[in-house]
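Please look over the structure below before reading on.

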Amino acid sequence: MDIQYMIEIFPQFLSVIPITILIVVLSAVFGLLLSIPVAAIRIRKIPVLSQLMGAYISFTRSTPILLQLFLFFFGLPVLLQLIGFDITNIGAITAAVACLIFFNGAYMSEVLRPAYLAIDKGQHEAAESLGYTPFQKMKRVVIPQMAPIALPGLGNAMIHLIHDSSLVFAIGVVDIMGMATIMSGDTFGMKQVEVFLTVALIYWGISMVSEQIIRLLERRKKRVLRKTGYELKEEEAGYSV
């Protein structure tokens, strides 16, 4: 094991870590935004749309994320060209982000939907009896109770997203794994252990930072739950990478 080599190559990974973080952050934010209407359609059981969202969720959960990356990067431009949209020049990073948004939108919607349904119907009735508009009910009653319940699932989704982002090198993105593949090739495979162990330590560090952020939100969650009187189940209470 050449520890000195691991130290020498570490600065090269620092130059591509922002690419990984950019992909993860954009995918997490827009994936969450996508998951909200998907969950709303499923909760309200809107005819046709609800079935379509069910098929969308089933597809994303039943096919490997690597396959979805290939479909977005190679297949989507071909399909859109058939109906007059030319995105053949789409970049690898754009395709990767779009794919991860698509994937996480479905995943997160299945976190938000049960969180919403966990709120007692009496809470909705109480808000309506007070004359709250739908927006006021969501802002003052539903979201403050729903967010803490959904947080562990969203935290897990974030960690899965970090792991899934390691596959985007397969479509040409030079992120952490992409850089590792290049380095491994440059050394003709002689330093593979050192390269990939360095990559593992970097991903570990990123996941640990994410965990600390989630734990911070967890502490705030507990304060909210104490105010609302909601009893957190044992399996919902803990979170760890």
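How far apart do the end C-alpha atoms of residues 17–214 lie, and how much of the span is helix and how much strand? The ends lie 20 Å apart, and the span is 81% helix and 0% strand, where helices (H or I, at least four residues) and strands (E, at least two) are DSSP runs numbered from the N terminus. This is a predicted model, in which local features need pLDDT of at least 70 and side-chain atom pairs count only at pLDDT 80 or more, while totals for chains, interfaces and linings use all residues. Residues are numbered from 1 along each chain as its sequence is written, and side-chain values use heavy atoms, with hydrogens and water left out.

**Overall make-up and confidence**

- The protein chain holds 10 helices and zero strands, and its C-alpha trace spans about 70 × 50 × 25 Å along the principal axes.
- The pLDDT, which is the predictor's confidence in each residue on a scale from 0 to 100, averages 85 over the protein chain, and 91% of the residues score at least 70.
- Over residues 234–241 the pLDDT is below 50, and this stretch has 20 contacts in the model beyond near neighbours in sequence, a contact being heavy atoms within 4.5 Å.

**Annotations from the record**

- An unreviewed UniProt entry gives "domain: ABC transmembrane type-1" for residues 17–214; UniProt positions follow the numbering used here, feature names are shortened, and annotations may be inferred rather than shown by experiment.
- The feature "transmembrane region", also from an unreviewed UniProt entry, is placed at residues 16–43, 64–84, 90–107, 166–183 and 195–217.
- Among these spans, residues 166–183 are 44% helix and 0% strand, with end C-alpha atoms 16 Å apart, whereas residues 195–217 are 100% helix and 0% strand, with end C-alpha atoms 34 Å apart.

**Helix H3 against helix H5**

- Helix H3 (residues 49–62) packs on helix H5 (residues 92–117) at an angle of about 110 degrees, with the axes 9 Å apart; axes are lines fitted to C-alpha atoms, for helices over the stretch in contact, and angles run from 0 to 180 degrees between N-to-C directions.
- That angle makes H3 roughly perpendicular to H5, given that angles under 35 degrees count as roughly parallel, over 145 as roughly antiparallel, 65 to 115 as roughly perpendicular and the rest as oblique.
- Tyr56, Ile57, Phe59, Thr60 and Arg61 of H3 meet Ile101, Phe102, Phe103, Gly105, Ala106, Ser109 and Glu110 of H5.
- The residues of this contact of H3 with H5 divide into seven nonpolar, three polar and two charged, where Ala, Val, Leu, Ile, Met, Phe, Trp, Tyr, Cys and Pro count as nonpolar, Asp, Glu, Lys and Arg as charged, and the others, Gly among them, as polar.

**Helix H2 and its two partners**

- Helix H2 (residues 17–44) and helix H7 (residues 134–164) pack at about 140 degrees with their axes 10 Å apart, which makes H2 oblique to H7.
- The contact joins Val24, Ser27, Ala28 and Leu32 of H2 to Leu154, Met158, Leu161 and Ile162 of H7, and its residues divide into seven nonpolar, one polar and no charged.
- The axes of H2 and H3 come within 8 Å and cross at roughly 125 degrees, which makes H2 oblique to H3.
- In H2, Leu34, Val38, Ile41 and Arg42 meet Leu49, Ser50, Met53, Gly54, Tyr56 and Ile57 of H3, and the residues of this contact divide into seven nonpolar, two polar and one charged.
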